[in-house]
Amino acid sequence: KNLGFWPFRRNSTRSYHRDLKSITKKLMDAAFADSDTNKSGYLEWEEIVPMMKVFFFVSRLDMMDYMMESVPVDQINATTQALAHEWFGNVTEETYKEEARAFIQKIDKDGDGKISKKELEDAFANLTNEFNKTPVTAEQFISYLSYYTGSLYRIGLLDGDCLAETQLLQILDKSKDPKEAIAAVMAYIKALRKKAKKAAKRS
């Protein structure tokens with residue numbers, strides 16, 4: 001019986017390949033179900049626009065952090081303020097709608113104007129293909145899981161509880177124990193499922 005070792009020999013190094021595929025699928029399923037507020041089985045316009053509010057700010061904050069790495073220390077504050085004014089000073093609802101249109105155009109492969117879970121999974125395939133056929137060490141497992149979770153957060157697909165999401169990402173960034181990482185993500189998935197069930201009962 002395969003117990004998760006790779007290759008399948010007694011003295012092989014433990015591989016987290018199966019664990020990684022399982023937990024990322026569970027996280028995607030829970031996040032999609034939570035974002036699908038009208039329970040249509042799709043992400044539709046009225047659900048995608050709010051997601052883009054998170055995407056707009058998080059993506060630009062990431063860009064700002066990256067740019068600050070090459071800015072002299074004595075110029076960081078002034079540069080940050082200038083970028084913040086340029087990027088966030090004139091944000092309107094139309095800004096988010098423009099992001100939503102671009103997001104749908106990129107992800108929606110059948111052109112029906114909405115996004116299925118399969119289409120979203122396909123868009124994330126580049127994150128999962130890397131570990132589909134190779135052994136995954138404990139260190140790689142945590143790194144992949146952190147990046148995958150962070151990517152869902154950056155497109156606004158998680159539940160909008162910034163504190164919970166930040167705490168989860170901090171645990172994944174600092175953890176060196178796969179069991180700790182799995183426990184943190186599973187606790188978050190459980191909270192997403194509970195939230196989705198409550199929303200379904202109200203609808």
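I began with the lining of the largest pocket, where α4 gives the most, with five residues. The model I am reading is a predicted one.

**Pocket**

I looked up which helices supply at least two residues each to that lining, and found α2 (45-68), α4 (93-107), α5 (117-123), α6 (125-128) and α7 (138-154). The pocket holds about 440 Å³ of space. I counted 16 lining residues; Phe 55, Phe 103, Lys 106, Phe 124 and Ile 155 lie nearest the centre. Sorted by class, the lining has eleven nonpolar, two polar and three charged residues.

**Rings**

I then turned to the aromatic pairs, of which the structure has seven. One of them joins Phe 56 and Tyr 96 edge-to-face, with 6.1 Å between centres and 80° between planes. This pair links distant parts of the chain, since Phe 56 is in helix α2 and Tyr 96 is in helix α4, 40 residues apart.

Are these two residues buried or exposed? Phe 56 counts as buried because its relative accessibility is 5%, under the 20% limit. Tyr 96 is also buried, with a relative accessible area of 10%.

Tyr 96 also pairs with Phe 57: the centres are 6.5 Å apart and the planes stand at 45°, so I noted this pair as tilted. Phe 57 in helix α2 and Tyr 96 in helix α4 are 39 residues apart, and this pair too links distant parts of the chain. Phe 57 has 32% relative accessibility and so counts as partly exposed.

I noted that ring pairs link Phe 56, Phe 57, Phe 88 and Tyr 96 into a cluster.

**Charge over a ring**

Last, I checked Tyr 42 and found Lys 114 over its face, 4.3 Å from the ring centre.

Terms used. Residues are numbered from 1 along each chain as its sequence is written. This is a predicted model: local features need pLDDT of at least 70, side-chain atom pairs count only at pLDDT 80 or more; totals for chains, interfaces and linings use all residues. Side-chain values use heavy atoms; hydrogens and water are left out. On a 1 Å grid over the protein atoms alone, a cavity is a set of points where a 1.4 Å probe fits but cannot get out, and a pocket is an open set with protein on both sides within 12 Å along at least five of seven lines; lining residues have an atom within 4 Å of a point. Grid points are joined across faces, edges and corners, and a volume is the space filled by probe spheres set on the points. Helices (H or I, at least four residues) and strands (E, at least two) are DSSP runs, numbered from the N terminus. Ala, Val, Leu, Ile, Met, Phe, Trp, Tyr, Cys and Pro count as nonpolar, Asp, Glu, Lys and Arg as charged, and the others, Gly among them, as polar. Rings of Phe, Tyr and Trp (its six-membered ring) pair if their centres lie within 6.5 Å; planes under 30 degrees apart count as stacked, over 60 as edge-to-face and the rest as tilted. Buried means under 20% relative accessible area, exposed over 50%, partly exposed in between (1.4 Å probe, protein chains only). A charge sits over a ring if NZ of Lys or CZ of Arg is within 6 Å of the ring centre and within 35 degrees of the ring normal.
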